[in-house]
Each structure stands twice: as structure tokens, then as C-alpha cells.
Amino acid sequence: MDFLQLATERFSVRNFSGKAVEETKIDKIIQAAKVAPTAVNYQPQKLYVIKSPSAVSKLAGIRPLFGAPLAIVVCYDENLSWKNARDNGHDSGEVDASIVTTHMMLQAWELGIGSCWLGAFSPADVSKLLDIPANEHPVSILALGYAADDCRPSDRHLKYRELNEMIHTL
């Protein structure tokens, strides 16, 4: 598939069928995380793959997953992430984790797997639930699964600002 077509057609799935995602597809989605670019290629991402029904249910108690049978909590390890000396040591971990999440989200779509990037959650609650070490910081939860037959993109999906509103050429 053409990349722009894939990126345009992909939408946040908020109604999953509940059908399990095949291990081969999960593996390929995780491979997309492995090859994602990160600052200085330090690869600080830590992935918590939540796929047992009990673990999914517990995570859904913290942040609803729209019926997804699988979720990946994407964290970064502050001991591994690059610190920008030109910007007062700004930590690149959150950006790196976001790039990793995007790669997985797009790979999933290519495989026919829907996703929804969940950012509205309590990192402290997720860390406690999953026993995540203090040096690892949850950035996103990627809910994954097959979209329900009646699932459609939101009305806002194809609404874009004009390019001249966001581009400044010097």
C-alpha cells in the first residue's frame, strides 16, 4: 500500500470485535517498534504486551480499551534515553516512545489490525498495576485488535487544517 494512502485511511478504532490477534501479527507489530528511529539510536523503549484476558481486564479498569483484546503499554527507560546537552539535558524518551507507538500503529493497520493510541491515563496507576520500575515511564497505551464490523472513523477523521496554516517557508 502507498504510505500516504495507509496514513490517510488509518483511523482510531474505538470499537473492537474482541477477536484475538494472531501471534505472527503481534510479532510483526513489535518488530516495527524495534526498527523505529530513536535519538542517537539509544532505543530506550520498553514494551509491556498485555494479552491475557485477566491482564487486559485489569488495564481496562484503569483506562477503557474499547473492547480491544490486546494492548501494548509503551514506556521509555530514563537510564537509556538520550539527554540533549544543548537543551538543558532535555530527555528524548517521550518523543522516542511516541515514534515507536506510531510505527506500531501504522504496521498494525497494514496488517488489518486496528488501534487506538490512548494517552489519557494515569502513568502512576499503570506503573503500579504492571509493576513498572521507577526509571521506566509509561507514555502511551496502544489498544489493538480487529475493528468491529460497524466501526467507523470519527467525523473529524478527514478534517485537516490548510497547509498554509501550518507551514512557514523561509
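S127 is found in helix α5, where helices (H or I, at least four residues) and strands (E, at least two) are DSSP runs numbered from the N terminus. S127 counts as buried because its relative accessible area is 16%; buried means under 20%, exposed over 50% and partly exposed in between, with a 1.4 Å probe and protein chains only. Leaving aside neighbours within four places in sequence, S127 is in contact with I132 and P138, contact being heavy atoms within 4.5 Å.

This is a predicted model, in which local features need pLDDT of at least 70 and side-chain atom pairs count only at pLDDT 80 or more, while totals for chains, interfaces and linings use all residues. Residues are numbered from 1 along each chain as its sequence is written, and side-chain values use heavy atoms, with hydrogens and water left out.

Helix α5 (residues 123-130) lies across β1, β2 (70-77) and β6, running at about 80° to β6. Angles run from 0 to 180 degrees between N-to-C directions, and axes are lines fitted to C-alpha atoms, for helices over the stretch in contact. The sheet is open, with four strands in the order β1-β2-β6-β5 and antiparallel pairing; two strands pair if DSSP finds at least two bridges between them. Its twist averages 25° from one strand to the next. β5 pairs with β6 over five bridges, and L118 has I141 in β6 as its bridge partner.

Next, the nonpolar cores: sets of buried Ala, Val, Leu, Ile, Met, Phe, Trp, Tyr and Cys residues joined through side-chain atoms within 4.5 Å. The largest has 23 residues, of which I50, L59, L65, V73, V126, I141 and A143 touch the most other members. β2 gives this core its largest share, three residues. Beyond four places in sequence, the contacts of V73 include L59, V126 and I141. Another core, of 20 residues, lies apart from it, with A33, I72, A97 and M104 among them.

Finally, a helix pair. Helix α2 (residues 23-34) and helix α4 (residues 93-110) pack at an angle of about 145°, their axes 8 Å apart. On the α2 side, K28, I29, A32 and A33 meet V100, H103, M104, Q107 and A108 of α4.
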